[in-house]
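These notebook entries record what I looked up in a single protein chain.

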Amino acid sequence: MMVVNGAASFQNVWCQQISVMPDMDYQFRAWCASVHPSSPAILQITVNGSAVGAVFNSSGATCSWEELGADFNSGANTTLEICITNLNTNTGGNDFALDD
């Protein structure tokens, strides 16, 4: 589990390079829980810098795990960088936890 103190600008809070097979469909899933209810997480998953899936808006319920995820195709790639980007730029209460 990782606890994130959100920032006043968009930030990649987690990224990882992965090996993939070309032209295959993949799913990415993670779990998010709000640490402070006043400004819930707003997250976007990106693959090689491009947004995939819908923007995830946390309910703000503290200590309640919610699933976020996206489906994508690898295209011609054999490696990809997957990131979770925090789109919430509020300076207060923008705190959340991420887990696998």
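**Entry 1. A first pairing.** I started with β2 and found that eight bridges join it to β7, residues 79-86. The two strands run antiparallel. I record here that the model is a predicted one.

**Entry 2. The sheet around that pair.** I then asked in what order the strands of this open sheet lie. The order is β2-β7-β4-β5, four strands with antiparallel pairing. I looked up the edges and found β2 (11-19) and β5 (50-57), each of which pairs on one side only. The twist in this sheet averages 15° from one strand to the next. As background I noted that strands of a sheet pair through backbone hydrogen bonds, either parallel or antiparallel.

**Entry 3. The other open sheet.** I found an open sheet with the order β1-β8-β3-β6. It has four strands, and its pairing is antiparallel. Its edge strands are β1 (2-5) and β6, and each pairs on one side only. I read an average twist of 30° from one strand to the next.

Within this sheet I checked two pairings. β1 and β8 run antiparallel and are joined by four bridges; Asn 5 has Asp 95 in β8 as its bridge partner. β3 and β6 also pair in the antiparallel sense, over eight bridges, and Cys 32 stands opposite Glu 66 in β6.

**Entry 4. The whole chain.** I counted secondary structure next: the protein chain has zero helices and eight strands. Along the sequence the pattern reads β-β-β-β-β-β-β-β. The radius of gyration is 14 Å, close to the 13 Å that the globule rule gives for 100 residues, so the chain is as compact as a globular protein of that length. I also noted the span of the C-alpha trace along its principal axes, about 40 × 25 × 20 Å.

For contacts between residues at least 6 apart in sequence, I found that 78% join residues at least 24 apart. Buried residues make up 37% of the 100 residues. The accessible surface comes to about 5,400 Å², and 50% of that belongs to carbon and sulfur atoms.

**Entry 5. The core.** Which residues have the most contacts inside the largest nonpolar core? I found Cys 32, Leu 43, Leu 68, Phe 96 and Leu 98, in a core of 20 residues. The elements that give two or more residues to this core are β3 (25-34), β4 (42-47), β5, β6 (66-73), β7 and β8 (95-99).

Not counting residues up to four places away in sequence, Leu 98 touches Met 1, Met 2, Val 13, Trp 31, Cys 32, Leu 43, Trp 65, Leu 68 and Ile 84.

**Entry 6. The two faces of β6.** I recalled that in a regular strand the side chains alternate between the two faces of the sheet. In β6 I read a covered face of Glu 66, Leu 68, Ala 70 and Phe 72. The uncovered face of β6 holds Glu 67, Gly 69, Asp 71 and Asn 73.

**Entry 7. Glu 66.** I listed its contacts, leaving aside neighbours within four places in sequence: Ala 30, Trp 31, Cys 32, Phe 56, Ser 58, Ser 59 and Gly 60. I also looked up the separation of Glu 66 from Val 13, which is 53 residues in sequence and 17 Å in space, C-alpha to C-alpha.

**Entry 8. Positive phi in loops.** Asp 23, in the loop between β2 and β3, has a positive phi of about 55° although it is not a glycine. Asp 23 counts as exposed, at 57% relative accessibility.

Asn 48 is found in the loop between β4 and β5. Its phi is near 55°, a positive value in a residue other than glycine. With a relative accessible area of 40%, Asn 48 is partly exposed.

Notes. Residues numbered from 1 in each chain as written. Predicted model: local features only at pLDDT ≥ 70, side-chain atom pairs only at ≥ 80, totals over all residues. Heavy atoms only, no water. Rg over C-alpha atoms; globule rule 2.2 N^0.38 Å. Buried < 20%, exposed > 50% of the residue type's maximum accessible area, 1.4 Å probe, protein only. Contact = heavy atoms within 4.5 Å. Areas by Shrake-Rupley, 256 points an atom, 1.4 Å probe, with all protein chains shown as cover. Pairing = 2+ DSSP bridges. Axes fitted to C-alpha atoms, helices over the stretch in contact; angles between N-to-C directions. Core = buried A, V, L, I, M, F, W, Y, C linked by side-chain atoms within 4.5 Å.
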